[in-house]
Amino acid sequence: MSTPTPHIAAGKGDFAKTVLMPGDPLRAKFVADNYLENAVLVNPVRGVNGYTGTYKGKKVSVMASGMGMPSIGIYSYELYRYYDVDNIIRIGTAGSMHKDLKIRDIAFAMGACTNSAYASQFELPGTFAPIASYELLHKAIQVTEGMGIHYMAGNFLSSDTFYDDSQGTMKWAKMGVLCVEMEAAALYMNAARTGKNALAICTISDSLVTGEATTAEERQESFHDMMKIALEIA
């Protein structure tokens, strides 16, 4: 095999030390096309497009993660372990479970609860609490406040179930969980295991409280605030 993994076709050094990671490959392309200078496609495997360019003179990469913890678990581990990436910033969407977290607001995952068994592989004698890199979180909040953008920071739920037959998602709200998404917990665990840094920044795309929702096109292309925050701290 000519590349370090079967899932990424890039060579050593093709990725920057910081990788922005949306779930959607089209959002990765949007960031590369609209924010990065001299962006080059470094990974086309399975349509999970990865690009490297510069932002304000600094080398930055963006690559999709796909949906769910198994997918981001593979890509983030390989970036950390085989491509010497130090920081992964998830730029995704989440569903609000808090009345004060509105459509298009920004949410930062200080921690990530989960209904997944992802942590079982680490064979720990208890429950692991996945948390963000404080340095990345601190920088992101400073940038966000400087931009005058409304945000909330707190606990996320990283769920394995999008269609939840138990109807149990909103039960997490009683513990102060802000929103639900599907990737942050696995990303944070991989960062912890490899000694690297991670932060999940999400735009609220829908609300479990009010029933409001954005369109697929809006989720793909219109969440500029989140993208700018991530690029500024990259």
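1. Let's start with the fold: this predicted model has 6 helices and 9 strands, both read as DSSP runs numbered from the N terminus (H or I over at least four residues for helices, E over at least two for strands). The radius of gyration is 17 Å, close to the 17 Å that the globule rule gives for 234 residues, so the protein is as compact as a globular protein of that length. That radius is taken over C-alpha atoms, and the rule is 2.2 Å times the number of residues to the power 0.38.

2. A word on ground rules. Local features need pLDDT of at least 70 and side-chain atom pairs count only at pLDDT 80 or more, while totals for chains, interfaces and linings use all residues. Numbering runs from 1 along each chain as its sequence is written, and side-chain values use heavy atoms, with hydrogens and water left out.

3. Of the contacts (heavy atoms within 4.5 Å) with a separation of 6 or more, 77% are between residues 24 or more positions apart.

4. Now the cysteines: you'll find 0 disulfides here, a disulfide being a pair of cysteine sulfur atoms within 2.5 Å. For cysteine 113, the closest cysteine sulfur is 10 Å away, in cysteine 179, too far for a bond. Cysteine 202 is in no disulfide either, with the sulfur of cysteine 179 as its nearest at 6.1 Å.

5. Both ends of that story sit under cover: cysteine 113 counts as buried at 18% relative accessibility, and cysteine 202 is buried at 0%.

How values were computed: Buried means under 20% relative accessible area, exposed over 50%, partly exposed in between (1.4 Å probe, protein chains only).
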